[in-house]
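Dear colleague,

Please find below the structure that I am handing over to you. A summary of the findings follows it.

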Amino acid sequence: MAQLSQLYLDASLAHSPITASYLGYHKYDGRWPDWSPAGITRALETVKRFERELGRIDPAQLQPAYAIDHQLIKDRLAAELRVGGRGPADVAARRADPQHLGKRRRDQRAVLDEPVILIYEKKISSMKDLLPL
């Protein structure tokens, strides 16, 4: 579960480099989010892949801290896939509906500004790409 948590965190930050910079994770500095149709498709595929991987892990068999990580990631993945959840599924749905094109900029900003699960800030501090404070 620890490895999956790290992989998920890195993938989340790769899809949201602005959030990564905000959290002090500088591996993706100089990059912008890819909200093109292909970028959204890649983000959705990544979320679905993590959902499958997470589904293979029985949280009842995990230590309490990892069981909490499991639930947090599961909830976050569900939000990413839900229209209205401010993730790639929501951005794709809004782009497909011409009525919402005027709201596109605000919606993208909401997605980009939303921090990754804040409980992971502690984990980020141990990652090698974090610059010292």
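Asp-29 sits in the loop between helix H2 (17-23) and H3. Its relative accessibility is 39%, so Asp-29 counts as partly exposed; buried means under 20% relative accessible area, exposed over 50%, and partly exposed in between (1.4 Å probe, protein chains only). Between the C-alpha atoms of Asp-29 and Ile-18, which are eleven residues apart along the chain, the separation is 7.9 Å.

Please note that this is a predicted model, in which local features need pLDDT of at least 70 and side-chain atom pairs count only at pLDDT 80 or more, while totals for chains, interfaces and linings use all residues. Residues are numbered from 1 along each chain as its sequence is written, and side-chain values use heavy atoms, with hydrogens and water left out.

Overall, the protein chain contains seven helices and zero strands; helices (H or I, at least four residues) and strands (E, at least two) are DSSP runs, numbered from the N terminus. Of the 133 residues in the protein chain, 39% are buried. Considering contacts (heavy atoms within 4.5 Å) between residues at least 6 apart in sequence, 65% join residues at least 24 apart.

Which residues form the largest nonpolar core? It has nine: Met-1, Leu-4, Tyr-8, Ala-11, Val-47, Phe-50, Leu-54, Ile-73 and Leu-77. Helices H1 (2-15), H3 (37-55) and H4 (64-81) are the elements that give two or more residues to this core. A nonpolar core is a set of buried Ala, Val, Leu, Ile, Met, Phe, Trp, Tyr and Cys residues joined through side-chain atoms within 4.5 Å. Another core, of seven residues, lies apart from the largest one and includes Leu-13, Ala-14, Ala-20 and Tyr-25.

The buried residues of H3 are Gly-39, Ile-40, Ala-43, Leu-44, Thr-46, Val-47, Phe-50 and Leu-54. Seen down the axis of H3, these buried residues fall within an arc of 155 degrees, so they line one face of the helix; the arc is that of the directions from the helix axis to the C-beta atoms. The face turned away from this buried side carries the exposed residues Pro-37 and Gly-55.

Finally, I would draw your attention to His-70, which lies in helix H4. His-70 has 5% relative accessibility and therefore counts as buried. A polar atom of the His-70 side chain lies 3.2 Å from the backbone oxygen of Leu-54. Apart from neighbours within four places in sequence, His-70 is in contact with Met-1, Leu-54, Ile-57, Pro-59 and Leu-62. Met-1, for its part, touches residues including Leu-54, Tyr-66, Asp-69 and Ile-73. Other buried residues of H4 include Arg-76 and Glu-80.

With kind regards

Key:
Polar contact = N/O pair within 3.5 Å; in protein donor to acceptor, adjacent residues only side chain to side chain.
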